[in-house]
Amino acid sequence: MKLFCLAGPFIWSLASASLSPSPSTTGSSISTPSGNVQITKNEQCACRKLTQSFGRSVILPGQKNYTQQIVDDYWDIRAVLSPACYPGSNNIDDGVLVALSGLDSYQVHNDTIDVGPGLTWYDVYKALAPYRRAAIGGRLKTIGVPGLALIGGFHYFNNKYGYAMDNVVSYDVVLGNGTQVVASNVSHPDLFWALKGGANNYGIVTKFTLNTFDLPQITTSIQVFNETYFPSFFEAMCHSASVDEKDPIAAGMIATVAYNATTKVASASLLGVQEGVSNPPSQFANFTKIPATRRINNVTTLSQWAETLDSPKQMFRTGWANAQDDLRVEAWARQLTEHLHSINREKGLASEFIYMGDDGEWQDPYAGFPYENVQRMRDIRAAYDPKGIFSTLNWGGFKLGL
Ligand SMILES: Cc1cc2nc3c(=O)[nH]c(=O)nc-3n(C[C@H](O)[C@H](O)[C@H](O)COP(=O)(O)OP(=O)(O)OC[C@H]3O[C@@H](n4cnc5c(N)ncnc54)[C@H](O)[C@@H]3O)c2cc1C
């Protein structure tokens, strides 16, 4: 496990859980095996304690890996906090960031896999590939296991296998009082229920046990259509929502309509994935009937497919260059979302459910949960975290509220 002590301009990282002799601490500087580091008063207490406990594992500002850890480990360039950045994301100024990238081991069993929170879904798919099995997780290469296993988890195959969190058999959790429990159907079942959607409101999950499925091969389909065929494209999309209700074949898609402001050309595209080796994939037959400008079908494995779907870390702020425009872009996104939502409401088409993985910082995913469920989740939180460690001291992520 890594612990980052994010302290104002300083970031400390405990690079592994291995304990080593305590460094000495004096005045406003901390003496470590790699030299003295000055700290300011806000961060003195927590950082001093962490340094005393974890000693040699502490990575300090200016040391090897320090910059790399900060730059490489975030999706969103805005999450690398500096005084100009937003509060409330999964990072913090003047506080401690617990980074779990060192908990990256796994163990494959007959029909489950134990996974550390430091792994990505691609790591999981790769680990299972030799056994011709797969888990239900993220669609792109770089998505982490914990988020999806705690908040939902959209995969191409949700129609047959459920969400990523539906396939968590147990969570090993470190609670706010420092004890560790296993939450499953038979052990702390209330906590097990609450963690599915509970995100980081209850503790730190150090191990996930996940169901795996016999999924040796998949078929993928990439199809692109010009504007003339948009009506057929939308029809095919609507139809695909109802093709497989009785005896589902696992299949899902990402359907996109895009407008290129430079070329002034609009196009629609399908990125479809289906279990098995049916080629062209049967579940996308309604798309395959439409004349396409590009059509590529391929039989592959989930891990090979995920490998091709890389996304750069620090991917956000790609449409605008300057940090000072972040707020303007966020305000625009918010207004557009609210405008479209109000149109849908007027037409009676709106759903108040907001997927936590795609929530804006200004949105509240729990407002879309059934009220009685949120109340029950709060009661369970009161039982497992009576001091509110994960509500009041851990600011990142979406909170259940009072
Ligand atoms: C490029 C991209 C592609 C995406 N694709 C998909 C997709 O295919 N399917 C999908 O469902 N979503 C997708 N998402 C959204 C995704 O659900 C969220 O980004 C999610 O937060 C990712 O989880 P993570 O573990 O990587 O993130 P993190 O930000 O690390 O974690 C998410 C939340 O869980 C908490 N948390 C993390 N680790 C632990 C732990 N060990 N114990 C307790 N709490 C913990 C964090 O504090 C945070 O609140 C995508 C996002 C991006 C940027």
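Strands β9 and β13 pair in the antiparallel sense, over four bridges. Two strands count as paired if DSSP finds at least two bridges between them. In that pairing, I113 has L210 in β13 as its bridge partner.

Before going on, a word on what we are looking at. This is a predicted model: local features need pLDDT of at least 70, side-chain atom pairs count only at pLDDT 80 or more, and totals for chains, interfaces and linings use all residues. Residues are numbered from 1 along each chain, as its sequence is written.

Back to the sheet. It is open, has five strands, and runs in the order β8-β9-β13-β11-β12 with antiparallel pairing. From one strand to the next, the twist averages 15°. Helix α3, residues 121-128, packs on this sheet and touches β8 and β9 (112-115). Its direction makes about 135° with that of β9. For angles like this, axes are lines fitted to C-alpha atoms, for helices over the stretch in contact, and the angle runs from 0 to 180 degrees between N-to-C directions.

Now the other pairings. β11 (residues 168-174) joins β13 through six bridges, antiparallel. There, V168 stands opposite L210 in β13. β11 also joins β12, antiparallel again, with five bridges. V174 stands opposite Q180 in β12. What holds such pairs together? Strands of a sheet pair through backbone hydrogen bonds, either parallel or antiparallel.

Next, the ligand. How many residues surround it? There are 25, and the closest are G144, P146, G147, G357 and G397. Near here means that the C-beta atom, placed from the backbone, lies within 6 Å. α4 (145-151) and β13 (204-211) each supply at least two residues of that shell. The largest share, four residues, comes from α4. By type, the shell has twelve nonpolar, eleven polar and two charged residues. Nonpolar means Ala, Val, Leu, Ile, Met, Phe, Trp, Tyr, Cys and Pro; charged means Asp, Glu, Lys and Arg; the others, Gly among them, are polar.

Is L270 buried or exposed? L270 is buried, because 24 other C-beta atoms lie within 10 Å. The cut-offs, with C-beta atoms placed from the backbone, are 20 or more within 10 Å for buried, 12 or fewer for exposed, and partly exposed in between. Beyond four places in sequence, L270 is in contact with S221, Q223, M253, A255, F284 and F287. Contact means C-beta atoms, placed from the backbone, within 7 Å. L270 and F287 are 17 residues apart along the chain, and their C-alpha atoms are separated by 8.1 Å.

Now the whole chain. It has twelve helices and 18 strands. Those are DSSP runs, numbered from the N terminus: helices are H or I with at least four residues, strands are E with at least two. Of the 402 residues, 33% are buried.

Last, confidence. pLDDT is the predictor's confidence in each residue, from 0 to 100. The chain mean is 82, and 74% of residues reach 70 or more. Residues 1-27 stay under 50. Residues 77-88 are also below 50. Where pLDDT is low, the predicted coordinates should not be read in detail.

Key
Two residues are in contact if their C-beta atoms, placed from the backbone, lie within 7 Å.
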